[in-house]
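Have a go at each task before reading the solution.

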Amino acid sequence: MSTAAIHADTHHDHHEHKESFISKYVFSMDHKMISKQFLITGIVMGMVGLIMSLIFRLQLAWPDEQFGFLETLLGKWAVDGKLDPNFYMGLVTIHGTIMVFYVLTAGLSGTFSNLLIPLQLGARDMASPFMNMLSYWFFFLSSVTLLSSVFVETGPASGGWTVYPPLSALEKAMPGSGLGMTLWLAAIALFIVSSLLAGINYISTVLNMRTKGMSMNRMPLTIWAFFFTAILGLLSFPVLLGAAIFLIFDRSFGTSFYLSDIYLEGVGALENIGGSPVLYQHLFWFLGHPEVYIILMPALGITSEVISTNARKPIFGYTAMVISLMGISFLSFIVWGHHMFITGMNPFLGSVFMILTLIIAVPSAVKAFNYLTTLWKGNLRFNPAMLFSIGLVSFFISGGLTGIYLGNAALDIQLHDSYFVVAHFHLVMGSAAIFGMFAGIYHWYPKMFGRMMNKTLGYFHFWITFITAYLVFFPMHFMGLAGVPRRYYQFTLVEDFNVWMDVNKLITVAAIVGGGAQLLFLYNFFYNIFKGKKAKQNPWQSNTLEWSTPVERIHGNWPGEIPTVYRGPYEYSRPDREEDFFPQYEPDESAPEVLHTKETKSAPDTKKVEEVEEGSVFFAAIKRVFGLS
Amino acid sequence: MVKSKKIKDPSYPVAPAKLNLWLFMLASSMLFAATVSAFVVHRPDAESRQAWTAFDLPIFFLYSTIIVIASSVTAYYAYKMAKNDELAHNKNLLLGTTILGIGFCISQFLGWQQMVRLDLTFVNARPEDISASYVWVITMLHFLHILGGIILLIATWVQSIRLNVHKKNMGLMTLTHTYWHFVGVLWIFLYLFFYFAQ
Amino acid sequence: MRFDTLRIRPNSFIKKALLMLTTVLTPWILMAAADVVEPPKEFSLANWDWVSILTWVLALLVILVIARAFDIGALTEKITGKSVMSWNNINAWIAIIFIVLSLAGVFWELKYHGQYVLLGDSSSLHGETYDSMFYWTFGFTFFVFVVTEFLLFYFMFRYRYNENRKALYYFHNNKLEVIWTIVPTIVLTFLVLRGFTTWSKITGEVSKDTQDIEVFAYQFGWKARYAGDDQQLGNQNFNFISGTNPLGVAEDSKVEELIGDLKKEVAQLEALQASAEDSTKAWKARHDRFVSTGLHITYPEDYKSLKAKYTDAVSGAYERTLEKDIKRKKTALNRISEYRKDKDFFNGAGDDDKVTTEIVLVKNKPYNFKFRARDVIHSAYMPHFRVQMNCVPGMPTSFAFTPTMTTAEARQTKGNKEFDYYLYCNKICGAAHYNMKIKVTVVDSEAEYNTWLASQAPLVTPAIAEESQKEEKDSKTEMGEMETAMLTNNPTLN
């Protein structure tokens, strides 16, 4: 007998018992609760990361000013209200680490994979609820470890979030490379364990536990995105673990995997010889590049779902969306070298990586165009979630286009590690992914908490965040093009960079306003958990399966049998239906399934119908090739 | 909450635990792929001035290989016996596999000792002995995997004593059996790799 | 009925056409307006009060939004007789206003910050290819950027919710999808091919008559090494680095001096090690005396440092540190003596090398920069020349280029008499990363260059050695101090 059946059975035995506080809120094995835990931890970490960024933005805008409150806040790291250069580096590093790993990896994909995979696929819970719980608690431990690194005497890890050795390996090279770096490594190791546990669960649930009728080609795009994300994580995080293990040995045991030919002031020539710092970069970016997509793809998935629902229109090119996700996932493993064009890598290798990198632009372009076409002739409801999704598309386009510069080895010579890079990734994976996360929160808040968020506050939150995000990151392109390097503590010492002082001030002011706008969100989020308007069963009139579960959380998700799925997830505005949506779980014998436009009865334009039909042949062929059905 | 009637959930195509195990094995293969390719990348080419020690692998690593193959055979028969409901054989074979697994650990220890005697230590490695450092790191990582396997074996053995491993309850047995083959194959791969790639 | 609103009615058609026209034209109109209104000669926003401007803009936006809300809400209620969720329309309006204003902002930014893009014309030969590659890419991406962003927000406005309308049931269109897969592919193929040729040109073979200059990065500064009269850079090794030989050049006298120093230090450390037991006892006695007399309460600060030394001594950390230091120094000595055996390595080529704190180049002469790093990864970044290459300890890297614009010429074109080229560090390397730079001067003639080079002292002349020794002393790090402290504070020695 399979263990799965045992799990399922035990759930039923349990769900009539009263859960204790501990088992309900702390060591919960219910995927919905775990998703909330991920979300709230993610939000807290996000606020920490945001505040850190504001502090170093202050330094960049007013390098000669003294901020008394900084001394109160940071003590010896801001004597007389002037930020210490070492701590500046620490802030940059921890801000990057928090945002990349803790907010946008765990906070985003941890939250929504956990919430949506079982709910949208029709499963009682994850494949292994216990592993799921472990995953959260490893993540929590990891967060605590990382934050504790800020409080050690020698300061937090401060070699940049990529922690390149030798800088990160030698305590004598930088104070942050002492205990702070050790804690950073410990935190990342825990984080890897957490994300592997989670990833295994996601993949296994998606492959194995779909309800009746939920074939792969009826899965919502969110699930596709989470699925590919989990695969990427599963294949790339172990490599980071390998890199971290070598680094730990180099730091603490005197090996020289990454160290060679080093002479340190005051220490002399080190014993280490024969190591290769570039080896670390290869290992790191083998994770690092897929990591970018681990961050972005769940956001894209959420966006697909939200845009389709709120445009009251089927997502355009479902298959193309899936294939482009697949293409992006595959390509992301073979392009890591574009982070290393100027590390002295063999130029030929550089050109290979350049070609592969620019190929990624094609599936990305397909995605962007498909979003645009989904909006075209839609009937757009601007719920906050919808606005954030459109914001994501906007960021995805403007940030993605600059990737074409950076993926080009020749152009990278000038732009590498300049503010252009900062602008690029903050738009395309920072802002875009965080907007995807906001979209997800606004959209599935009723599902998570059974209550509604305030829309008006949501609108203010969106517009202020959106405009300030552009104000912060757009001018950075110009700074980067003028050769302003990133990770500089101040720019006043270099004549050439002085012209950017006013822009730096603008950016900081915009960042502060944008940061302030997040208070609206926090209020909206936490207040409405308790006081919000009670949610309706299907508040957005969405098609997907999660809206068929009761509003009040129950263990096992559905009180009775798990509903069967009859059609694809994006049957909005079907001409033959009175309502403009048609849930996946709604049986309708009279109308045979019109899966992806085999017929469009009363379309206005006959020419279009032909095209659509013609297309469905192609669609069927693709399905057969990829074995989707 | 609704009073649950006898709800029959659909059974899953694959046991989730089994699928999870396969995914875990995939992930840990990636870990070894990474460390092994680091070794390959690091090895200097002919014209480089860099020092790089090539050494014969300790003979005990060969013994380990033999032991691991033997244990794979016993694990396979243990699985087969359980499937045929021959519980006594199953129990003994599981015990045998566990003992072989422990034997493997001992053999690894002896192998490491031999490396130390050759002055190929891990902690105070001479610069050109990075090759040895790699061998240390990778074999130790593998050793951790073996320890996990032994714990699984013991757990299965205990279940087998309690007569819980039989034709209709193959879940744990299948996991153990699969995982043990995995660590076995992994070791054989690593051994061959270090044998030929030095 | 359902698709009524999709059909174009003449009345609304004019309205829509006008709207589209104005939205598309507004940026240009604003730009034209910016032309008419004479822009300031020198762009400086430093004296603008950004906070209040932003506050004003925000306040304006809020007012606008609220006003619009009342407006539309009231109007629709009047017409339809029932209340309508007008936020939907408000958002649509904000969207269209946003895109118009922000595209105008982008053009404005291009207009004023465009002059800084790529810091003006490149000052190197390959830089011209680089710039043309850049502007091609810029052209394509900027076009796509404007079109898609505009469409995105225009659709937002155009297809805002209307309860009488049903969205188009439109799953996919094969032809369309193929088109927008193929078109980007073609454009990208073009860019890739161009990028490939540009990249190969830049990183290609270095010609024979290229002059090598070694650029040496350390925390936190740069040094350059020029060949002397023999036109040949001497060998180097990180083990040879010393106060008088900051780049570790293989030069007999300096290396011998270093060997002597190292031996002395080892002897000193070994003496300490031999007396370690006594010193431990001494520390213990001193500590006990301190505690027994109650001094540890009266002088807590002194006691703290005493306690640290005492713990170090008792726990054996002190001895371990000594042992480690001795081992490290002996390893270095061994390595140096290995190299000393190799007569080819010490071929005397480095004796007349010149270590400088400034880089001087001659216009239109090809150079090959050979990069080395002493401690951590640095990156040599010369944005004016479109040059960047990481400096990796243990892995030599290089970048070949030809400067084409002298410093004097650059000063003229930029209209800045103070202007100088610099080489910056562009890879995070520690606390003073932001101030790690070296001046690069490009001169017009070989003669100027020769005069400058002649003024630089060769390696073996003591003048420069003293200077760098002084510098060395200044930048002594914590560890160095700790070591000296340990030596001086040893009770057996006082």
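**Exercise 1. Work out how much area chain A and chain C bury between them, and what the interface is made of.**

Solution, step by step. Keep in mind that this is a predicted model.

- Start with the area: chain A and chain C bury about 12300 Å² between them, and 69% of that lies on carbon and sulfur atoms.
- Next, count who takes part: chain A puts in 141 residues and chain C puts in 124 residues.
- Now look for charge pairs: three salt bridges turn up across the interface of chain A and chain C. One of them joins the side chains of Lys427(C) and Asp417(A), at 2.9 Å from N to O.
- On the chain A side, helix α11 (residues 347–375) gives the largest share, 15 residues.
- Finally, sort that side of chain A by class: 82 residues are nonpolar, 33 polar and 26 charged.

**Exercise 2. Is Thr111(A) buried or exposed, and what does Thr111(A) touch?**

Solution, step by step.

- Find the residue first: Thr111(A) sits in helix α5 of chain A, which spans residues 85–121.
- Check accessibility: Thr111(A) is buried because its relative accessibility is 0%, and the cut-off for buried is under 20%.
- Follow the side chain: that of Thr111(A) comes to 2.3 Å from the backbone oxygen of Gly107(A).
- List the neighbours, leaving out residues up to four places away in sequence: Thr111(A) touches Ser35(A), Phe38(A), Leu39(A), Ala106(A) and Met448(A).

Notes: Residues are numbered from 1 along each chain as its sequence is written. Chains are lettered from A and ligands numbered from 1 in the order in which they are written. This is a predicted model: local features need pLDDT of at least 70, side-chain atom pairs count only at pLDDT 80 or more; totals for chains, interfaces and linings use all residues. Side-chain values use heavy atoms; hydrogens and water are left out. Helices (H or I, at least four residues) and strands (E, at least two) are DSSP runs, numbered from the N terminus. Buried means under 20% relative accessible area, exposed over 50%, partly exposed in between (1.4 Å probe, protein chains only). A polar contact is a pair of N or O atoms within 3.5 Å; within protein, one must be able to donate a hydrogen and the other to accept it, and residues adjacent in sequence count only if both atoms are side-chain atoms. Contact means heavy atoms within 4.5 Å. Buried area is the accessible area (1.4 Å probe) that two parts lose on being put together, summed over both. A salt bridge is a side-chain nitrogen of Lys or Arg within 4 Å of a carboxyl oxygen of Asp or Glu. Ala, Val, Leu, Ile, Met, Phe, Trp, Tyr, Cys and Pro count as nonpolar, Asp, Glu, Lys and Arg as charged, and the others, Gly among them, as polar.
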